[in-house]
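Here is a short briefing on one structure.

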Amino acid sequence: MNPASIPGLPSGISEQLADDGIEELYPPQAEAVDAGLTTGESIVASVPTASGKTLIAELAMLSAIERGGKALYIVPLRALASEKKSEFEKWEKHGFSVGVSTGSYESSGEWLATRDIIVATSEKVDSLLRNNAPWIADLSCVVADEVHLVDDRHRGPTLEVTLAKLRTVNPGLQTVALSATVGNASEVADWLDATLVQSDWRPIELRTGVHYGSAINFDDGSQTALPTGSHDRQTEAIVDDTLSDGGSTLVFVNSRRNAESAAKRQAGVTKRHLTDSERSSLSELADAIRDVSDAETSDTLARVVEKGAAFHHAGLAAEHRSIVEDAFRDRLLKVIAATPTLAAGVNTPSRRVIIRDWRRYDGEYGGMKPLAVLEIHQMCGRAGRPGLDPYGEAVLLAKSADEMDELFERYIWAEPEAVQSKLAAEPALRTHVLATIASGFATTKEGLLEFLDGTLYATQTDAGGEFGRLEQVTDSVLAYLDVNEFIERDGDSLSATPIGHTVSRLYLDPMSAAEIIDGLRSFEEGATTAVRRSKPTPPDGELETAFSTASDLRETDQQETGNADDQETIDRPTPLGLYHLVSRTPDMYQLYLKSGDKSTYTELCYERESEFLGQVPSEFEDVRFEEWLSALKTARLLEDWALEVDEDRITDRYGVGPGDIRGKVETAQWLLGAAEELAGTLELGSNIAVREAKKRIEYGVRDELLDLAGVRGIGRKRARRLYEAGVESRTDLRDAEKGVILGALRGRRKTAETILENVGRENPSMADVREIEPSVRSAVAPDTSDVTDEESESTSQTNSGGQASLGDFE
DNA sequence: AGTTAGGGCGTCTAGACAGCATGTC
DNA sequence: CTAGACGCCCTAACT
């Protein structure tokens, strides 16, 4: 089928496709068109990666817009949202506008209403539905990318519920679901009332095999001799071989540490294959990597990149990741050793893919768990760059003949698993049941179950009669929501309370909200009794009893230390207290407690007991104590960040990468924002303290730098240097002698000018300004001088290296 | 004496979505 | 009930 014979397309589109060199549609694309893709039929396309799924989506969206309405493209990752946006922007010259909406991407609801194509994550779409975005009703087509992710325990239910809601709101909606090859694509198609298009066709050949001994044995029975030779490891031998052929390699391993050490070894191979010009480009790249962050990870990465290799995992900063991905796509980097981040993320094809580890540690499983067939196939699918490589090869590594046989059986010959709805899990239902009630989708339990009947879960259980399980879980979830006063039950009818509405709108897990509310309330209780007794006690008898112990603790503490200053600290929650509060909610991914951490944080727990909001579980009696401690570890990381502790110090103190810090900070910011609003809604007095703690996390600074750090172009480091040079505020920035500012910014004229411009200084020019070296003031370390009481105690060890209250971190 | 290969032992384990509301003289 | 790669330290054997 050629572009001109596709029905239903807006004018000019077929010509554009032909101009792009598309003479003939790929077979799966043609099949989808034949099934009515461009005339409004719903389609489930279960096809391999890189076999033209994007065009299927584009054809559906453009023709749907032509018929009237707008199109929504749902992606699983934020990084993919911007990738898709730039792909779709090529249609803007034909009059189709594109907008993106993700949590971090700024765009208001009204602005989106003017766009024809909207790209968003499934969570964002869910959130927009909860907040009744008006344009949802105008949708005529929704595309769900990577729909097999409904199988994911954490995020699958959101996608499932979101699609169900979109289809309920808009019964005529065309649904196009793009999926990897899965075991039960027809079931997914049944669920979405769609025609199934299934195909194994790929635009370039993919060969899959197992390396064992001195050859790769391929699925077609052929062999490629590949002796380990001088290399003592299989991976390096294959990388070397691929490189001699001018190709790149992607190596999948099962842990971050393995990725880094593999990259170091491979750098020894790649460095022998570089041209002079590549060497110099790589060295520029390494500098760019070092500029991103001064954490050790950054330097390690830069050192391997100089030699043409790289590693890739979630501990990297986002900038690191995109630098690595781009350089690999440009063929500058010859090999990447990666954790599964890369298989799920943006498009990074490679001549060869090596799957070194096919088992991964899983605590619940209790050991090394074999990866899913689907996951292995996704990794293999990265092999072969369309238009660049003659073919792609995916190689699994075996250390014995038995293992080779097992790998063939388990993965190469195997069909991928069936996707299975995870909706009946309680955490998922908790959120979605509340949202469904709050947004008026259901007003009775029957209505709720009726709505849930539109989900994949229902499709999959209808036959087996297992729907009863969903009803059971729904009952217990309703009871939970009722007890926590998020919903009200009046006979059969269900409605959300004001706080329930807020929780749903804030996109919080109700359990997180309950934890935050309890924490803030218990503080209120404590503060009221201990300090003033002026505020009326909330008319909630249960709460009073529940937290009487916490109040008592506070009172005791208060008497012991009892001076005016302490009364003030007790009047508002401390940052650590708040960081801990949000860190222990289910919405925060917790840090892992390493050996030795347990005693370190137990000690810290007692030391700063008075700061925690709510009751501290008993060290000896309560099983939740360890969880409490890992939340404390997370809270300490956040506190360190807000105390301006160096990034590289934080990374080795907590055993995390720069990317993890950013992630934690972002989540904390979001949760503190939610806490602020909850405190406001419930008229709890702590919202000012919450707001400040949030601001400090946002910029990673102490109080006194908040004003400066809010200026564009000034981060935590520049703010501190300016402050030490005597430039303490925006006003100072506008009035201070330029030489001083330039000196504080280490003579960077361009940066200084940009900053002065951003702060609105009359004449920002730095021409002819002589740099004034920072004087004595700068010799004063930030945390030994102007620190408030509440902080100095905890940070004396931070920079001074003195006896640490927290013990041996180093 | 310095270096390196190899064994024993302890340690540690993938990923990443979401709210709100804007700023400056 | 269940794993395994890595790094570190130690020792033995080698140059």
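In this predicted model, strand β12 (residues 309-312) has buried residues on both sides. A309 and F311 point one way, while A310 and H312 point the other way. In a regular strand, side chains alternate between the two faces of the sheet.

**Strand pairing and crossover**
- Strand β13 (residues 335-338) pairs with β12 in the parallel sense, over four bridges.
- A310 has I336 in β13 as its bridge partner.
- Between β12 and β13 the chain passes through helix α13 (residues 318-329).
- This β-α-β crossover is right-handed.

**Surroundings of DNA strand C**
- Around DNA strand C are R233, R257, N258, S261, R265, R356, R359, Y361, Y365, G366 and M368.
- Of the atoms of DNA strand C that come within 4 Å of the protein, 44% belong to sugar and phosphate.
- By residue type, this surface holds five charged, three polar and three nonpolar residues.

**Polar contacts with DNA strand C**
- R356 places a polar side-chain atom 3.4 Å from a phosphate oxygen of DNA strand C.
- R257 has a side-chain N or O atom 3.5 Å from a sugar or linking oxygen of DNA strand C.
- M368 uses its backbone: a polar atom there is 3.3 Å from a sugar or linking oxygen of DNA strand C.

**Elements at the DNA surface**
- Two or more residues near DNA strand C come from each of α10 (256-270) and β15 (359-362).
- The most comes from α10, which gives four residues to this surface.

Notes
Residues numbered from 1 in each chain as written. Chains lettered and ligands numbered in written order. Predicted model: local features only at pLDDT ≥ 70, side-chain atom pairs only at ≥ 80, totals over all residues. Heavy atoms only, no water. Near = heavy atom within 4 Å. Polar contact = N/O pair within 3.5 Å; in protein donor to acceptor, adjacent residues only side chain to side chain. Nonpolar A, V, L, I, M, F, W, Y, C, P; charged D, E, K, R; others polar. Buried < 20%, exposed > 50% of the residue type's maximum accessible area, 1.4 Å probe, protein only. Pairing = 2+ DSSP bridges. Right-handed = clockwise from strand over helix to strand, strands pointing away.
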